[in-house]
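Open the model in a viewer and keep the selection tool at hand. The stops below say what to select and what is there.

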Number of protein chains: 2
Amino acid sequence: MTELCQFNQALEKNEANSVALSPLSFIKRAAKVYPLRTAVIYGDQRYTWAQLYERSCRLAAVLQQFDVGRGDSVAVMLPNVPAMCESHFGIPMAGAVINAINVRLDAEAVAFILSHSRSKLLLVDPEYYPVVTAALERMDNERPTVINVSDTTQQGEQMIGELMYETLLQQVSEPAPCFPPLDEWDAIALGYTSGTTGNPKGVVTHHRGAYLNAVSNVLSWELAGPVVYLWTLPMFHCNGWCFPWTLAAVGGISVCLRKVDPELILELIAEHQISHYCGAPIVHSMIAEAALKSDVEFGHKIRGLIAGAAPPAVVLEKVERLGIELTHVYGLTETYGPATVCVKQPEWTDCTLDERVALNGRQGVAYPMQEEVAVLDPNTLEPVPADGKTVGEIMFRGNILMKGYLRNESATAEAFEGGWFHTGDLAVLHADGYLKISDRSKDVIISGGENISSLEVEDLIQRHPEVELAAVVPLADEKWGEVPAAFVQLRAGSALTEQQLIDYCRANMSRFKAPKKIIFEALPTTSTGKIQKFLLRQRLNSAAAVAAVAS
Amino acid sequence: MTELCQFNQALEKNEANSVALSPLSFIKRAAKVYPLRTAVIYGDQRYTWAQLYERSCRLAAVLQQFDVGRGDSVAVMLPNVPAMCESHFGIPMAGAVINAINVRLDAEAVAFILSHSRSKLLLVDPEYYPVVTAALERMDNERPTVINVSDTTQQGEQMIGELMYETLLQQVSEPAPCFPPLDEWDAIALGYTSGTTGNPKGVVTHHRGAYLNAVSNVLSWELAGPVVYLWTLPMFHCNGWCFPWTLAAVGGISVCLRKVDPELILELIAEHQISHYCGAPIVHSMIAEAALKSDVEFGHKIRGLIAGAAPPAVVLEKVERLGIELTHVYGLTETYGPATVCVKQPEWTDCTLDERVALNGRQGVAYPMQEEVAVLDPNTLEPVPADGKTVGEIMFRGNILMKGYLRNESATAEAFEGGWFHTGDLAVLHADGYLKISDRSKDVIISGGENISSLEVEDLIQRHPEVELAAVVPLADEKWGEVPAAFVQLRAGSALTEQQLIDYCRANMSRFKAPKKIIFEALPTTSTGKIQKFLLRQRLNSAAAVAAVAS
């Protein structure tokens, strides 16, 4: 037996040959190798990599002053401003976990997240003071300390408390040193996702996975040459798909952007020679629409990653004319953002536009450093045949998967059952090994890149005293991709109108989750009383298709 | 304390979210994503990624038939032929360790390596039958089983034993499945390096480091677009700097090459539109020289990595005219090949050729995924000032460092002393954080990319009965970079000639290690009797410089 292990004898890990993998290594190196190169652009603000690193180290020192350390959570509710970049480095440097909150959530959801995550601090932008103030009022105890991140490009507004981000940063006498985490399995981020149930689940990700996916972005996208990245994708979405860390790995430039303003985007693309950007389909089509109106022309090649629904032919055609090449990716918060990519084969360039739309519209193959993606029968875990017809569930296995859901052992166990991560998304596998989503099993509606749980919306509607039964399904929408639509069976005698029920929803949940359309009717159920949602879904979208053709 | 660990509670690793990092994952994915894309070209032979993967799985199955498994070593003595690519996948797939032997070594060294590594099998190319036969004769017991790798492009020769690589591969009924290793810290390769002492040390590397450096090559070199890689670098050198694995990660093409034949290289560059290649300075200058003679012109951009000595101005100028852009890297077998890179800053493009030669001639900064390189005082381990003057030792820390030396606990401990890997190379640090090698502390002569231990050569010369004292130092050489030169003090009455002593060396060691020049004289020693080699080194090279100017 000794012979079997000759390569493990007196060949242990030591301080010199074993270091925890962490994206913090990327910014440390960027500050050394590209100290004077621009790292962040926001309006007139510019930070070099040396400055961004120093500011991140200062942020870590500030957090330590508030007794934030390993195992703590720090929440941020910020648009894509420089402080959001800094948070992705400074918070983990302090040993803590960044909890980036979706800025579109309502006070109740924000309060739930702040409370469930036990966030010690909250960094917040003035735009979200109203919702944050309301959220804090709902919290009984253990409210986080709020730090105001003022944005000099915006109008001054009132503060929550007295702590100012920039002042605290400047008051630091000694920026914190940047050490790797004790263990690469240590948590780096916490991201809440709305899945099947109303209460969001806290996805815990780790340094190792963040490191690997940051690099996987480079491999997947062949990120080469000077990278100038435009922040059209919210950084609160799966930590901007790990791109804050990817940009440190390649010494690229982050061009920050408060909100998706198509005219501004066109200006920034031209001004900064943007080379890369990411977004939901709606972002790409808004850019394309705006470009058609403005007659802008870019003299350089731009590459976009598109997630969510497949890019429709009209979008693909429009953006191609602008010199934008789109690549389709798919992933979840649980996979740190993109986990599959529709790798383009050289022979596709000879295809017609329609053929390319069909080929590129698939979710594709495993991301370069994601170990494995498979379409499996959810009961037997056997792979489905690659026939383009048999539906199975998309499952992943690899290093770029969450640790699990925070304080939710049963959901974690369920998600990882049988040694695979179950996405809940249904797909078929094509003969070339590319997968294509056919349906979602968990009733999630994706609207403008945001996940909406249909069950959460149904739950709210059914709490209305005049509603007997409700079913919420996605309605295809040219602008948002999908919007929620509700089929509602009213109690006898009710005269509730569509607008009244929509207003009720808007008053009680994040506005974007409220149904855009309500159809009152008796709902079709199975013999066991289960609503036959697939019938409603079919009916709705064939009606929508007819309407679209007619319009 | 419970609160401190909320991100580690019920969030353990499981089969779905934790997989050992291994470059085997790259070929598995390449076979799925690019099954029909060419992976290997050698003469008229072509293998796609699906074929290369299948052949590697067949090789693993063959090895298993010979009872090769985890912890075993399989030696290969092969030029850059397809079987060498396959060995980099098939051997680790069987759980074993690839021991790639330098094909320029003599029988004694080969016998030592085969014996010390306890290699069960040896894959050998006909060209090395004589040396392997002589090596096997020297081995008392536990001789490895030899498998003949015939090369159809070469003349048939006699075999060692009866086992033929291709026949064995074809006879496999069931290719082995490709699993990741049990542990990413498991050994993947064993490479013998000649350092300060005569007996080479066996550098053991692991799957994790090989995976990371394979990817680090992509980041460092901005490997994008279709990659067509020409194998001018021997794959037995630090496993071809991990490029067999890098090419699998990016789905690139390996254009194999038996030997560095400049005319053939020019043909291959043009024929296959080679995009990338690596080599010692001599390789680049041979290509440049041959190109000048042949008036060849390439219509495309070619990128080269150059290691070893800095590229001289004349080489840089010549290759640039061919459309070749060189990047300077530095590393050792212990660092899986390149571990620093001279990252080009945009502002350098405005410099004169001489300035660029000086800037690009430095060893640079840490490789993208190598954690840290530093120039430290070897006694205190304090960093030297970045003044371009103070000499210190180059040291590394990170994940791309060997496990240690096989069965050599003291050398391992010495190499990793104080939590840093000690390279033995001396350098200064420039103000911009780039390091530049100033001298080598361990008396290694690098000739045509090969390390020669001056102590080993001195030892042999001093064993000659007519020699009293010998000192071997590097002599600058336009073709080889350096060659060994010996200062020899003969015993009284000896009439030994330069040619006789050179012949003696050639007969008793690998030919390339024999001194090219011998100077007979009394050697200068210190008061304690130590030879003042620095004096000899200075004298020799100022003489060489004078000769060069005069010629």
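A residue counts as buried if 20 or more other C-beta atoms, placed from the backbone, lie within 10 Å of its own. Helices (H or I, at least four residues) and strands (E, at least two) are DSSP runs, numbered from the N terminus. This is a predicted model: local features need pLDDT of at least 70, side-chain atom pairs count only at pLDDT 80 or more, and totals for chains, interfaces and linings use all residues. Residues are numbered from 1 along each chain as its sequence is written, and chains are lettered from A in the order in which they are written.

Select residues 281-294 of chain B: this is helix 11, with 14 residues. Among its buried residues are Pro281(B), Ile282(B), Met286(B) and Ala291(B). The buried residues of helix 11 pack against elements of chain B including helix 10 (262-272), strand 11 (276-279) and helix 12 (313-321). Next select Asp295(B), which follows helix 11 and has a positive phi, near 55°.

Now show both chains. In all, 54 residues of chain B are in contact (C-beta atoms, placed from the backbone, within 7 Å) with 54 residues of chain A. Helix 1 of chain B gives the largest share of the side that touches chain A, 4 residues.

Conventions. Expected span 1.5 Å × (residues − 1). Buried ≥ 20, exposed ≤ 12 C-beta atoms within 10 Å, placed from the backbone. Contact = placed C-beta atoms within 7 Å.
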